[in-house]
Amino acid sequence: MSTVIQLISIGLIIVTIPYLLNKHWDTFTATSSLENDEKLFNSTSSDATVVSDSSFRSHDDLPIFDQTRYDELSTFLIHSSITINDDEDVNTPDIILAPGTPQNSALRWLVDYDGARLDHEKDGPALLERYALAVFYSSTYGYVETTLHGETWWHSSKHWMSSHPICSWYGVQCFEDGSVQRLSLKKNNIRGSLPSELTLLSRCESMDLGQNQLTGKIPSTLAGMNQLCTSTVNFLLQ
């Protein structure tokens, strides 16, 4: 009788162990996935100097970590931005909120990944310029990795999409108050098209974007900028 009981006990153990292992593995997998998301948020919110494609654009598929900030910044940008689209049936809010657009990628970066964490009420003008440059970066394939070494299309993108002030970003020169004065990115292998958000660089005096591979038309909204800036862009894009 005792032998039968022992055999039954052994059988129950054999059946139970795989069940417990599978249950534990499911819990471990879910926990690990959540921890990885949190680590990505924490690491990209830190004072990192470079943000590669893996942490800049892949976040489009990740959940929004700070929904309150997302709602606040999206409302602020929708009311402040001058996003223009060739498709008249697509409104500015749709472009900014649509996953995968350069505008939404810039918004997502500002919300969850930008360590600077500018406040739209206290730092409104600075936040708009930071957003404009982020849209420009996304629109011109600054994030695309072209080699196994993680190089981007841009020859140099030092400090772009990091927590550093935009005045330290490669090719960006500022006035003493921190607003953008010049954008000098000549011969930097920049591709894509100019976004209308560059108009948010309202005090810009010149944009040296010559000898790159930009395509498309200069946004009509740039005509409302400083005349010197508009003339320089027109000349240097040739």
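Residues are numbered from 1 along each chain as its sequence is written, and side-chain values use heavy atoms, with hydrogens and water left out. Because the model is predicted, local features need pLDDT of at least 70 and side-chain atom pairs count only at pLDDT 80 or more, while totals for chains, interfaces and linings use all residues.

**Overall architecture**

The protein chain contains seven helices and five strands. Helices (H or I, at least four residues) and strands (E, at least two) are DSSP runs, numbered from the N terminus. From the N terminus on, the order of the elements is α-α-α-α-α-α-β-β-β-β-β-α. Of the 238 residues in the protein chain, 42% are buried. Here buried means under 20% relative accessible area, exposed over 50%, and partly exposed in between, with a 1.4 Å probe and protein chains only. The accessible surface of the protein chain comes to about 13,100 Å², and carbon and sulfur atoms hold 55% of it. Such areas come from the Shrake-Rupley method with a 1.4 Å probe; for residues, only the protein chains shown count as cover. Contact means heavy atoms within 4.5 Å. Among contacts in the protein chain between residues at least 6 apart in sequence, 64% link residues at least 24 apart.

The table gives the packing of helix 5 (residues 102–113) with helix 6 (residues 124–139) and with helix 3 (residues 67–80).

| Helix pair | Angle | Distance between axes |
|---|---|---|
| Helix 5 and helix 6 | about 130° | 8 Å |
| Helix 3 and helix 5 | about 135° | 10 Å |

Axes are lines fitted to C-alpha atoms, for helices over the stretch in contact, and angles run from 0 to 180 degrees between N-to-C directions. Helix 3 is therefore oblique to helix 5, and helix 5 and helix 6 are oblique to each other. Angles under 35 degrees count as roughly parallel, over 145 as roughly antiparallel, 65 to 115 as roughly perpendicular and the rest as oblique.

Helix 3 passes helix 5 in a right-handed crossing. A crossing is right-handed if the near helix is turned clockwise from the far one by less than a right angle, and left-handed if anticlockwise. Arg69, Tyr70, Leu73, Ser74 and Leu77 of helix 3 meet Asn104, Leu107, Arg108, Leu110 and Val111 of helix 5. This contact of helix 3 with helix 5 has six nonpolar, two polar and two charged residues. Ala, Val, Leu, Ile, Met, Phe, Trp, Tyr, Cys and Pro count as nonpolar, Asp, Glu, Lys and Arg as charged, and the others, Gly among them, as polar.

Helix 5 also passes helix 6 in a right-handed crossing. The residues of helix 5 in this contact include Pro102, Ala106 and Trp109, and those of helix 6 include Leu127, Tyr131 and Val135. The contact of helix 5 with helix 6 comprises nine nonpolar, four polar and one charged residue.

**Residues in loops**

Most residues other than glycine have a negative phi. Arginine 117, in the loop between helix 5 and helix 6, has a positive phi near 50°. With 36% relative accessibility, arginine 117 counts as partly exposed. Lysine 187, in the loop between strand 2 (180–184) and strand 3 (191–192), also has a positive phi near 50°.

Serine 157 belongs to the loop between helix 6 and strand 1 (172–174) and, at 15% relative accessibility, counts as buried. Its C-alpha atom is 7.4 Å from that of tryptophan 169, which is 12 residues apart along the chain.
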